[in-house]
Amino acid sequence: MAIRISMRRRLLTSVVLFVLGVLMVSSLLTNFVDSDMYGGPVTTGEDYYYSWGTWNVVNATPSEPPLVAPPAPFGSGEVQAINIGLIMINATNNTKLLNNFKGCAESILRHSTQLPVHFVLLTDNISVPLIREVIRNLARIRAKVPVTVDYLNLEESTRNHSSVIDRLQPLFSPTDPNSKYNKRLFHIAPIYHRLLSPATTRLLVIDADVRFRADVADLYLQLLTFQPQEMMALAAELSPMYDKPFERYRKLNGKSKDGLPKPQGGFPGFNSGVVLYHLGHMRSNGEYNALLDQKSAIENLCNKFGNYRGAAVGDQDFLTLLKVHRPQWVREIDCGWNYQLDMTMAVHPFFGQYHLCDSEAKILHGNGGAVIPTESAFASLTSSIASLEKA
């Protein structure tokens, strides 16, 4: 009898130890996966909200009911949510793009505490299930505010606006037919006000290779201070990208300092990795819409400024030209909201002057889609830039 009891105790002890071991391994693996995918240790609880459904966006495709009911009305005033647009095409076959999106969305939700976040994703049908799972996991793990998502099929949404895109593409695309900037998706920024429902009046569009270090609401709420004529807001290009494109115009117009760095009193151009759009103002500006719709208007504008063709990087070139053409249309935001890490043009003699940004880096913008550096690598990079500036 005593032997049987002893054996039962040993068996029970073994089972208990086995179960505890499985739980410990499972916990370790979960923490490892979450840390690896979402950039650090995670917390879970009831402080997240997540839902699918339309939000003033055409072609939205609700996918499933909310996991939990959102809280009482969040925030106050005109802005009920932060509309964040990203282009996510062919995500199933582009690991770099998907990983960048994971890091980008995680950084937004990690720091958001003021207003609900509404992702507006211009994508294709095949990418939706994968993107949906990424946001679902992030919302469950990271979000402290309500999170909603809408999908727009990029091809379908832009089909009726081909004439505008066809006028932009030959002016602001590289000669290399294989360059990504020849794709139509890099020429849609000027028509966001036509792609979304009139009920959507404000939009922040970002590249997937940006990382937030501050609450996105602090940037987005600047849209409330826009003057009636202001339609967009961007940070300066922190490289000499527009030195050559404006060179001929500077020779024709001796007073022009377009394309030169700020320490020389110049306008270095814009970087479109982070752009605030006031869609309502874009819709109501007759002169702007005529510029888009009249057959040769954009080409004539380019020719007016020294046969300007930009840096062949798509609609960023057009937005830079707009600032020179109608300064009151485009606002410049602080460089800290788009601190670019690209060093590919560091050989330029005035690179240090172009890359000068004394503000705190609230958004880090990666090098052409490369992985965003760690904090230590970022510190090393800024030190290198400081050395270039002293040289």
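In which sense do E5 and strand E8 pair, and over how many bridges? The close-up views below, taken from a predicted model, start with that pairing.

**View 1. Strands E5 and E8 pair side by side in the antiparallel sense.** The pairing runs over 5 bridges. E8 covers residues 270–278. E5 covers residues 202–206.

**View 2. Strand E2 runs parallel to E5.** E2 spans residues 82–88. Here 2 bridges join the two strands. Look for Gly85, which stands opposite Val205 in E5.

**View 3. Strand E5 is largely enclosed by the rest of the structure, because 5 of its 5 residues are buried.** Its residues point two ways. Arg202, Leu204 and Ile206 point one way. Leu203 and Val205 point the other way. Residues on both sides are buried, Arg202 included.

**View 4. The largest pocket has a volume of about 1,200 Å³.** Its lining counts 44 residues. Nearest its centre lie Lys180, Tyr181, Phe186, Asp207 and Asp209. Several elements give two or more residues to this lining: strands E2, E5 and E8, helix H2 (95–111) and helix H12 (315–325).

**View 5. E8 gives the largest share of the lining of the largest pocket.** That share is 5 residues. E8 is also the strand that pairs with E5. What classes of residue make up the lining? There are 21 nonpolar, 15 polar and 8 charged residues.

Conventions: Residues are numbered from 1 along each chain as its sequence is written. This is a predicted model: local features need pLDDT of at least 70, side-chain atom pairs count only at pLDDT 80 or more; totals for chains, interfaces and linings use all residues. Side-chain values use heavy atoms; hydrogens and water are left out. Buried means under 20% relative accessible area, exposed over 50%, partly exposed in between (1.4 Å probe, protein chains only). Helices (H or I, at least four residues) and strands (E, at least two) are DSSP runs, numbered from the N terminus. Two strands pair if DSSP finds at least two bridges between them. On a 1 Å grid over the protein atoms alone, a cavity is a set of points where a 1.4 Å probe fits but cannot get out, and a pocket is an open set with protein on both sides within 12 Å along at least five of seven lines; lining residues have an atom within 4 Å of a point. Grid points are joined across faces, edges and corners, and a volume is the space filled by probe spheres set on the points. Ala, Val, Leu, Ile, Met, Phe, Trp, Tyr, Cys and Pro count as nonpolar, Asp, Glu, Lys and Arg as charged, and the others, Gly among them, as polar.
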